[in-house]
Amino acid sequence: MPDKNVLTREISELVAKIIKLPLEKINPQANLFNDLGIDSLVGVEIFAAIDKKYRIEVPENKLRSVQTIADLVATVQGMLNK
Amino acid sequence: MQLMTITELVARNARQYGRQVAFQMREDNGYRQYSFDDVLEITKKIQTRLQKLGVVKGDRVGLIGENRPEWSMAWLAIVSLGGVVVPLDAVLRQEEARALLADSEAKVLICAERFLEYVQGTPLEKQIIILEKLAELSSTNGPDNSTAVALDDLASIVYTSGTTGFPKGVMLSHRNFMSIATVADQLFDIGPNDNFLSVLPLHHTFETTAGFLSAYTLGARITYAESLKSHNLLRNMQETGTTIMCGVPLLYQLLFDGINREVEEKKLTRLFAVLTAISRFFIKYFQLNLGRQLFATVHKKFGGKIRFFVSGGAAIDPNLIRSFEAMGFIIIQGYGMTEAAPIISANTLKNNPIGAVGKPIPGVEVKIAGNELVGEILAKGPNIMKGYYKRPEITAEIIKAGWLHTGDVGYIDEKGDLYITGRSKDVIVTASGVNVYPDELEFLLNKLPEIKESCIVGDKVKAGLRKGSEEVVAIIVPAENVSQAAVEKAVKAFNQTLADYKRVARIIFRQEELPKTRLLKVKRFAMRQELGLI
């Protein structure tokens, strides 16, 4: 099972790459929608990248409950643990 | 093709295309499909139910849910019964949706099951048809006492963000929609062999008219994407042989970035750059596009049958169009607004100058205000709305002597192609092609006790994926003795009550009163100048 810190770093890198911002601008507690300017279309793309990397299928309706990178990490960790 | 009402269209299409598939969507085991015959039968069932719920000609019916074949059939059923469909954005919060349903005086709501809670405790609670349960509606020979529907009858009220504090209901008639749907074959040579992939939200008039009604009118097949994840879109394209897709610039940017990432992962960056250079060389010097051959692998990923993509909603970066062009993909850009149902002009397969938004579509006239070379774009034609619902005063401000004053600024070149250079209104257009009207947000923000007054402006995003597009910036004067931290907290909570695209991205604090006109309207332009945003 991947370590939480490793997951946080990997997912932050992945988000940074998709929204084309430097990694240091990605704070795991930042709100994806308010602070990082992500909208639902980009959010779906981030889920798609997560699906590919971890070979899971994060449902799109999770977008309604995920607010931060930390939430994303918890979601992925939960799915990997199953 | 002669203009017909949407009522006539549904019956005509069943006769003409019968068992051909009209709508489909991927399920666990294959695709859930509806033929043109099925569409007629199911719309009759919905209409019978609507009549039982008391709907008569001219009554408004709300419609909310994610894209799916049943959404489109519900839209056709309401409109072809003579009702007026009020499509709502599925990302609206409960309060926002309720306000629009109340304003439109909707008699019935057709919705996806998850929206039932939106009307709990309201008169609509018992006036519901659930999209997931259309199959359970009883069979019927059709609605009773059908009333004749005419081309100029109202078909839909589409709410767009308002410039006066509350969203405006754009009233569109059968003629408005069908005048565009019936010319789509002249512009794009669309027919029964085409397969559309529907990805944009159906309540958005661009998708309603371009991605749904035009395709349906011309006998094409529409596949509703079950997910917007790029790998799912590509799977849909491969499985269904997609030929046409309508999207917004951000979607094409994401698809292009996805291709680039895969190229990097496979360490093919150099090869990709060389092939792109070769392709651009042949396009530039021989007007020959070899992209389809050079990038055959990419085309295969897209299903191999793409004829063209349509981009609308916001201006697309010409470099992005060129990048797709080098790979052998055509992106056609059009221009319009909801008030024009929504297409005013469009490039075509034969005339696709990059940077232009094309010539006016057949039947539509376009001119520049005051006969200037560059100025506000005015449009006139059968697609122009009947007006704003219950708002004759603001209708009179935007439609004068039959000309729609678009608020956009541009020019027409010697070949008759229209170019957009800016906007004369304060509307903020996000990268997803959604309009945000400052007045609406200010109206709501000013109600917060922590805020004395506010001014909303759009500012260009400086970095990242959405670089160059606009984001919502709030200039806020806090109420007396209220700290900036308290305002930030209040705005954060306020953001949670809004659809994502309207959220305040940045706050600029100000202690002095906002500059105002003699009529006490905030001088937005002066604020933008003062902050160096223009």
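A pocket here is an open set of grid points, on a 1 Å grid over the protein atoms alone, with protein on both sides within 12 Å along at least five of seven lines. With that in hand, here are some close-up views of this predicted model.

**View 1. The second largest pocket and its centre.** This pocket has a volume of about 1100 Å³. Its lining counts 36 residues, and those closest to the centre are A:Lys52, B:Gly258, B:Arg261, B:Glu262 and B:Glu265.

**View 2. Helices around the second largest pocket.** Both chains take part: from chain A, α1 (4-19) and α2 (40-54) each supply at least two residues of the lining. The largest share, 7 residues, comes from α9(B).

**View 3. Helices α1 and α3 of chain B where they cross.** The axes of α1 (residues 6-17) and α3 (residues 69-80) of chain B come within 8 Å and cross at roughly 125°. The two helices α1(B) and α3(B) are therefore oblique to each other, and their crossing is left-handed.

**View 4. Side by side at the contact of α1(B) and α3(B).** On α1(B), B:Ile6, B:Thr7 and B:Val10 make the contact, meeting B:Trp75, B:Leu76, B:Val79 and B:Ser80 of α3(B). Sorted by class, this contact has 5 nonpolar and 2 polar residues, with no charged residues.

Conventions: Residues are numbered from 1 along each chain as its sequence is written. Chains are lettered from A and ligands numbered from 1 in the order in which they are written. This is a predicted model: local features need pLDDT of at least 70, side-chain atom pairs count only at pLDDT 80 or more; totals for chains, interfaces and linings use all residues. Side-chain values use heavy atoms; hydrogens and water are left out. Axes are lines fitted to C-alpha atoms, for helices over the stretch in contact, and angles run from 0 to 180 degrees between N-to-C directions. Helices (H or I, at least four residues) and strands (E, at least two) are DSSP runs, numbered from the N terminus. Angles under 35 degrees count as roughly parallel, over 145 as roughly antiparallel, 65 to 115 as roughly perpendicular and the rest as oblique. A crossing is left-handed if the near helix is turned anticlockwise from the far one by less than a right angle, and right-handed if clockwise. Contact means heavy atoms within 4.5 Å. Ala, Val, Leu, Ile, Met, Phe, Trp, Tyr, Cys and Pro count as nonpolar, Asp, Glu, Lys and Arg as charged, and the others, Gly among them, as polar. On a 1 Å grid over the protein atoms alone, a cavity is a set of points where a 1.4 Å probe fits but cannot get out, and a pocket is an open set with protein on both sides within 12 Å along at least five of seven lines; lining residues have an atom within 4 Å of a point. Grid points are joined across faces, edges and corners, and a volume is the space filled by probe spheres set on the points.
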